[in-house]
Amino acid sequence: MSEPVLAVRDLTKSFGALRALGPVSFALRGGERLGLIGPNGSGKTTLINCLSGTLRADDGRIWFAGRDVTNVLAFKRARMGLARSFQIPKPFVGMTVLENVLVPLDQIGDGSDHEARAMAILRSVRLDARAGDDAKRLSHLELRKLELARALVGAPKVLIADEAMAGLSEPEIDEILAILQRLSEAGVAVIMVEHIMHAVMRFSQRVICFETGQLIAEGTPQEVAEDPLVQKVYFGEPARH
Amino acid sequence: MKRQDVAFAAGAIVVLLMGFGAVHAVANPYFFFAGYVIVQYVVLATAWNILGGYAGYINFGPAALYGAGVYTSALLLKAFGAPLVVNIVAAGLVGMVLGLMMGYLTLRVQGVYFAIATIALVIMLETVVHNIEYLGGARGLALIAPEPPAWAVGRTQFVFLVLLAIAVMSVALARWIERSWIGRGLRALRASEEAAECAGVATLRLKLAACAVSGALLAVAGAPYIYYASYIDPGSAFSLTLGLNTIAMPLIGGTRSWAGPVIGALLLASVQQAATVTISSELNVLMVGLALIVFIAAAPDGLIGLAERLRRKMHA
């Protein structure tokens with residue numbers, strides 16, 4: 001079994017008097033497909049923001065690629081290969097689709113032909129035909145793909161896909177799942193944060209479930225789906241007759 | 001070098017040669033007196049747009065940086081009789097430091113709060129100059145600039161040519177920034193700082209760089225003014241009207257490309273100069289206000305954005 005590429009120990013985050021997260025501990029192995037589920041307000045987004053560095057955790061440690069990144073800024077984590085997409089797509093409007101992908105490529109600055117690489121990435125998510133269009137003209141599916149394309153640029157070690165399938169139709173979900181599957185096969189560890197359960201169950205090797213900022217269940221998709229606590233969180237107490 | 005870069009470089013050389021030729025061909029110095037104001041506006045609009053247009057951080061206090069440039073130059077001229085080129089470099093350094101200080105504001109405040117904070121800088125600097133007797137205080141400061149070089153024909157023509165060269169360099173710098181990774185990074189953070197940061201963009205460093213370059217150019221625009229007018233006072237050096245004009249020009253031309261501020265500046269400054277001579281100098285501010293209302297309502301992306309929209313409609 002491979003070494004953890006991402007590990008979290010006793011991570012906590014509060015907003016005023018509200019404890020939004022933790023303490024939480026878990027690890028993600030290289031190339032692993034991890035499903036992260038939980039109802040709204042369970043702390044998933046807070047965790048993602050702490051992992052990506054856009055929020056600073058109050059306590060606890062985060063290790064990524066063998067390094068303690070707890071106090072490392074978000075842009076440096078991204079350059080190290082910790083990529084994420086956003087629940088609500090955040091395209092760089094006013095820029096073309098190609099330029100959207102060039103932005104993260106610029107930061108690598110390895111002197112290779114950035115435009116050719118950007119086009120290759122766009123082709124891999126079937127967005128190359130829209131390369132010259134302003135990002136604000138993309139459809140919802142295309143915006144989701146653009147988020148993934150941007151995240152793929154730095155050959156990430158970990159991708160956090162934050163509800164990358166929200167609002168999509170079944171064929172579109174399949175298309176995004178296929179992209180994530182290809183990434184996983186290429187060795188990228190993927191954390192799929194999702195409410196679309198059949199997609200999580202199909203994709204994940206392991207699932208963790210959050211409720212009120214705490215990790216309440218962990219195991220194979222089957223084990224977590226059958227966990228009484230998870231069922232209670234999602235379906236409530238059974239009615240008494 | 002791409003074909004577009006060659007065309008731009010050729011255009012820049014032609015503009016400089018035309019300026020030099022005009023100085024020798026046109027006898028009436030008034031044209032260069034008015035031309036100085038127009039070219040100054042090109043520098044101001046271009047400088048402002050690097051932060052306000054590319055990065056989306058609206059600086060309402062360009063007059064603070066311009067005024068700092070005016071007074072830095074005047075101070076060095078009065079104290080040491082320093083040559084104009086030294087004063088321009090010094091003004092640029094002062095503007096850069098002030099710009100960096102302004103940049104640190106972006107750590108704490110964004111959007112409208114950043115805009116308000118920048119106005120405070122104008123008031124602070126104006127108050128400081130008001131209280132420095134050596135710089136003339138509220139009375140202002142009159143200085144006789146040294147004789148210009150013989151090739152420049154006269155003093156007005158000389159400062160016009162100097163500012164024209166500064167304008168060409170400013171526009172070239174803005175164009176380079178726009179087309180480089182820096183410009184892409186700035187436009188990305190304008191769209192979403194969080195997404196830009198997660199795409200590996202060092203947003204704080206880029207914002208500081210944009211503030212420093214914008215601040216330096218705004219101050220450089222003010223450096224030759226004492227040679228042009230021989231008199232400065234805090235009210236006109238730190239004028240909020242000048243600040244308003246500086247913001248209006250890129251908004252009229254378009255903030256997303258280097259050409260927008262240039263078009264806006266040439267248009268607004270030329271119309272203002274014409275109105276000053278033919279109707280009334282007080283009409284200027286009214287015209288700027290009206291133009292801003294019309295453009296924000298009808299062409300929020302400026303003239304360049306409007307042209308693009310029309311082109312798309314025609315091809316649709």
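## Sheets, helices and the A–B contact

User: What's the strand order in the six-stranded sheet of chain A?
Analyst: This is a predicted model. In it, the order is β6-β7-β8-β3-β9-β10 of chain A, an open sheet with mixed pairing.

User: Which strands stand at the edges?
Analyst: β6 (82-84) and β10 of chain A. Each has a single partner strand, so one side of each has no neighbour in the sheet. From one strand to the next the twist averages 20°.

User: How does β6(A) run against β7(A), parallel or antiparallel?
Analyst: Parallel, with three bridges between β6(A) and β7 (residues 158-162) of chain A. In that pair A:Leu82 sits opposite A:Val158.

User: And β3(A) with β9(A), how many bridges there?
Analyst: Four, joining β3 (residues 33-37) to β9 (residues 206-211), both of chain A, and they run parallel. A:Leu34 has A:Arg206 as its bridge partner in β9(A).

User: What about β9(A) and β10(A)?
Analyst: Those run antiparallel, with five bridges, and β10 covers residues 214-219 of chain A. A:Val207 is opposite A:Gly219. The two strands make a hairpin with two residues between them, and A:Thr212 in the turn has a positive phi of about 45°.

User: Which helix lies across β3, β7 and β8 of chain A?
Analyst: Helix α6 (residues 170-185) of chain A, which runs at about 150° to β8(A), residues 189-193.

User: OK, the four-stranded sheet now. What's its order and pairing?
Analyst: It's an open sheet, β2-β1-β4-β5 in chain A, with antiparallel pairing. β2 (18-29) and β5 (67-68) of chain A are the edge strands; each has a single partner strand, so one side of each lacks a neighbour in the sheet.

User: How is β1(A) tied to β4(A)?
Analyst: By five bridges, with β1 (residues 4-15) and β4 (residues 59-64) of chain A running antiparallel. One of the partner pairs is A:Thr12 with A:Asp59 in β4(A). Helix α1 (residues 44-52) of chain A packs on this sheet, touching β1, β2 and β4 of chain A, and its direction makes about 60° with that of β2(A).

User: Switching to chain B. At what angle do α2(B) and α13(B) cross?
Analyst: Roughly 145°, with the axes of α2 (residues 30-55) and α13 (residues 259-278) of chain B coming within 8 Å. The crossing of α2(B) with α13(B) is right-handed.

User: Which residues meet there?
Analyst: From α2(B), they include B:Ala34, B:Ile38, B:Tyr41 and B:Asn49; from α13(B), they include B:Gly260, B:Leu266, B:Leu268 and B:Gln273. The residues of that contact split into twelve nonpolar, six polar and no charged.

User: How many residues does the largest nonpolar core have?
Analyst: It has 172, and those with the most contacts inside it are A:Val158, A:Ile191, B:Val43, B:Leu163, B:Ala210 and B:Ala219. α2(B) gives the most to this core, with 15 residues.

User: What does A:Ile191 touch?
Analyst: Leaving out residues up to four places away in sequence, A:Leu28, A:Leu34, A:Leu36, A:Val158, A:Ile160 and A:Ala161.

User: Last one: how many residues from each chain are in the contact between A and B?
Analyst: 18 from chain B and 21 from chain A. On the chain B side, the elements giving two or more residues are α7 (181-191) and α8 (193-198) of chain B. α7(B) has the largest share, six residues. By class, that side of chain B has nine nonpolar, four polar and five charged residues.

Key. Residues numbered from 1 in each chain as written. Chains lettered and ligands numbered in written order. Predicted model: local features only at pLDDT ≥ 70, side-chain atom pairs only at ≥ 80, totals over all residues. Axes fitted to C-alpha atoms, helices over the stretch in contact; angles between N-to-C directions. Left-handed = near helix turned anticlockwise from the far one by under 90°. Contact = placed C-beta atoms within 7 Å. Nonpolar A, V, L, I, M, F, W, Y, C, P; charged D, E, K, R; others polar. Pairing = 2+ DSSP bridges. Core = buried A, V, L, I, M, F, W, Y, C linked by C-beta atoms within 7 Å. Buried ≥ 20, exposed ≤ 12 C-beta atoms within 10 Å, placed from the backbone.
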